[in-house]
Amino acid sequence: MKFIYLMIILQKNIIRFVKRAGLLGLFFLLVFLILHFLFPLPAGVEYSTIITDDRDEVIHAYLTKDEKWRMRSEPEEISPLLKKTILAKEDKYFYYHPGINPLAAGRAFFKNMIRGKRTSGASTITMQVARMMRPAKRNGWNKLVESFRAVQLEMKFTKDEIFQLYLNRLPYGGNIEGVKTAALLYFNKSPDHLSLAEITALSIIPNRPSSLVMGKNNELIIRERNRWLQKFAADKVFTTKEIEDALNEPLLAKRGEVPRYIPHLSYKLKKASFSPLIRTNINLNNQLKIEKLVKDYVRNLRLMQIRNAAVVVIDNKTHKVTSYIGSGDFSDTLDGGQVNGAAAVRQPGSTLKPLLYAIAMDEGMLTPKTVMTDVPVSYQGYAPENYNRDFNGFVTMQYALENSLNIPAVKSLNQVGKDELVKKLVECHFTQVKKDQYKLGLSMILGGCGTTLEELTALYSVFANEGKFISPSFTRNDIATEKKEIISAEATYLVNEMLSKVNRPDFPINWQATEHMPKIAWKTGTSYGRRDAWSIGYNKNFTIGVWTGNFTGEGAPGLSGAEIATPLLFKIFNTLDYKNDGEWFQIPDDLEVRQVCSASGKVPGSLCENLVTDYFIPLISSNIPCDHIEEVFVSANEKMTYCKTCVPESGYRKKKFTRLDADMQFYFLEKGMVYEKIPAHNPGCEKIFSSNAPNITSPSKGSEYFINKNNPEPIQLFAKTANDVSRVYWYINNRFYKSIPAAEKLFFVPGEGNVKISCTDDKGRNADINIQVTHINF
């Protein structure tokens, strides 16, 4: 009975103890939760922004705001060897305790009590992380705070995340923090490539960062390292062979420099990202080759007052930006080496012409052999000129593109509509064009707009991708999923064929090294005032954009896309793509060939004699028959023509004449070229007065002109007339002014106010316009 009584009492005591322990536990839990709410964990630490290449090697990095090199180790960089070594040294029970190790704490307490001083610590890795988050003097109170913070950390993070935090915050003296930073600066390696000896050496420095300085106290570090390696051997953490190799490994490390490659792109990406790790697609080997090419090339241009260049390279198969050079030399402070020329807004010159002609072909307006007129033209006062200030008369679209003629391009843009071109450019992410879209005019096709080398290079990659725009990816996070069809595959192929011809005026005169150069298509451009020179080329493998010029905006007499930018483009292609297998773009299935009239590029009419072969897009390209030959009724002496209304019953015959617009008549007259004019029409014909009246093209109808009152500049008078017109008569405010031959130009100084201008041809047909003139003092 006594035994049973004792058991009952014991049971009651146990129950009472458990209840009290439970209540005490609940009390501590409640206190912890209150403290946890009142004193949450400090905000996350700031890490150095690091830039890596396509092999995940660090190629650039930036200090934190507190001037620390604190690089974050990624989970995949924490090798099993690194984890095993650190855990064996610091906290072998890390994965088994809740942030505090009671057994280690008890053992350390008794050891320190027996010896009368601190000889053993009980800090877990989690507690060390807590201490690194809030450095403070070591004492009982701060140890209690560390324990509290350790439990908070265990609640918020996984064990692997805490271990990662620990590696990232380890102090290595000076402004170096973290295993990754130390591995890079001391061994020029990533953490997952460190050996056992290197890991052990790095693991002991944080305990004494001021006295164990790599490169200064290497002998002392070796002794400490070997002591720990022998302890690992005693604990059988590693094999004997592994320990022997580690003991025999020399330590020659000293602090190195953080890599400073791709400075322009690094700065651009850092500004646009909040991530401490930016993985680029840069191929460092190719990057360094091109940087040297650009630097050497620019050095040779300085005598021509050309001081800078920029290059962007896109891999057409992956759509990744693999090389990016923002200036000739980043370290050049005299000529703005820090300016990013690849991202600077500049005038594109003629580089937009291929896109325009491709759009025109997709609209059915043009084919390669379509004949256009390269003669003086004016659009409401805007009178474009060719680069060489000359005119070529009749030219094909192919010739106009290959020779980069300005006037046919402006005419084509007027026909297509500038809004359509703007729309395509906006779809290709032309930022400045989007901002200025309502201010742009016909001059944009000659460079009267703003763009960047990045944008132009991306645009030309469209021609290497069957007309589809795929936004180029600068980083691994830029997934190239966006595909927009900008132009058809058929128009793309035709442009590619035209731009790949080497017998072009923009082929560099002094370029000789073409023997091993891969086949490419390319287009050049030179901005107004010779401030910018462009050359953008592409093939199946790469699209490469080159800009040369001065960041000051200063022009140079010798600066041109053909002679300055293109040789550098060719050098880069020779360097990057010298093993090209000759693969070229395949002709699309929907592109066909037909015979066209050589004089117009149109489907042959009944009177056409000379035919040539031309590509066309079925159901898209125009099928309007050629009418450049006109069959006219003429008198027996060929002095007079008749129409069907006035043709006599006899005394006439048919004769063929070439149709010429007034602008071509004037061109032939200016050049002294003889052409057969259509004789004057039958003066007795009544129908003559009902059509073909003169068309006054200058001045522009309804426009307002501001004229210097003290030094008035005359205004040009010009009208397009029918082929049978020989003479025109000009009237100003209903008063006769002058009579001149048709197609000639005339100038006059108008009075102020509303001015009526009339033109009458020698057939009596008349046209009137009104302009407003304002006299001002300059």
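Biologist: What is the relative accessible area of Tyr95?

Modeller: The general idea first: a residue is buried under 20% relative accessible area, exposed over 50%, and partly exposed in between (1.4 Å probe, protein chains only). Tyr95 has a relative accessible area of 34%, so Tyr95 counts as partly exposed. Please keep in mind that this is a predicted model, where local features need pLDDT of at least 70 and side-chain atom pairs count only at pLDDT 80 or more, while totals for chains, interfaces and linings use all residues. Residues are numbered from 1 along each chain as its sequence is written, and side-chain values use heavy atoms, leaving out hydrogens and water.

Biologist: Where is Tyr95 found?

Modeller: Helices (H or I, at least four residues) and strands (E, at least two) are DSSP runs, numbered from the N terminus. Tyr95 sits in the loop that links α2 (80–90) to α3 (102–115).

Biologist: How many helices and strands does the chain have, and what share of its residues is buried?

Modeller: There are 21 helices and 28 strands in the chain. Of its 778 residues, 51% are buried. As for contacts (heavy atoms within 4.5 Å), take those between residues at least 6 apart in sequence: 67% of them join residues at least 24 apart.

Biologist: Why is helix α6 described as largely enclosed?

Modeller: Because 9 of the 11 residues of α6 (residues 159–169) are buried, the rest of the structure largely encloses this helix. Among the buried ones are Ile162, Phe163, Leu165, Tyr166 and Leu167, and also Lys159 and Arg169.

Biologist: Which residues of helix α11 are buried, and which strands do they pack against?

Modeller: In α11 (residues 263–272), the buried set is Pro263, His264, Leu265, Ser266 and Leu269. Those residues pack against four strands: β1 (49–52), β2 (58–62), β5 (277–279) and β7 (320–325).

Biologist: Let us follow β7. What is the strand order of the open sheet of 5 strands?

Modeller: Strands of a sheet pair through backbone hydrogen bonds, either parallel or antiparallel. Two strands count as paired if DSSP finds at least two bridges between them. Here the order runs β7-β6-β14-β13-β12, with antiparallel pairing. The edges are β7 and β12 (521–526), each pairing on one side only. On average, neighbouring strands of this sheet are turned by 10 degrees against each other, direction ignored. Axes are lines fitted to C-alpha atoms, for helices over the stretch in contact, with angles running from 0 to 180 degrees between N-to-C directions. Helix α19 (residues 489–499) packs on the sheet, where it touches β12 and β13 (532–538), and its direction makes about 75 degrees with that of β12.

Biologist: How many bridges join β6 and β7?

Modeller: The antiparallel pairing of β6 (residues 308–315) with β7 spans 5 bridges.

Biologist: Which backbone angles deserve a look? What is phi of His319?

Modeller: His319, in the loop between β6 and β7, has phi near 65 degrees, a positive value in a residue other than glycine. With 14% relative accessibility, His319 counts as buried. Ile262, another non-glycine residue with positive phi, has a value near 35 degrees. Ile262 lies in the loop between α10 (240–248) and α11, and is buried at a relative accessible area of 1%.

Biologist: Which sense, cis or trans, has the peptide bond from Ser698 to Pro699?

Modeller: That bond, from Ser698 to Pro699, is cis, with omega near 5 degrees. You can find Pro699 in the loop between β21 (695–698) and β22 (704–708).
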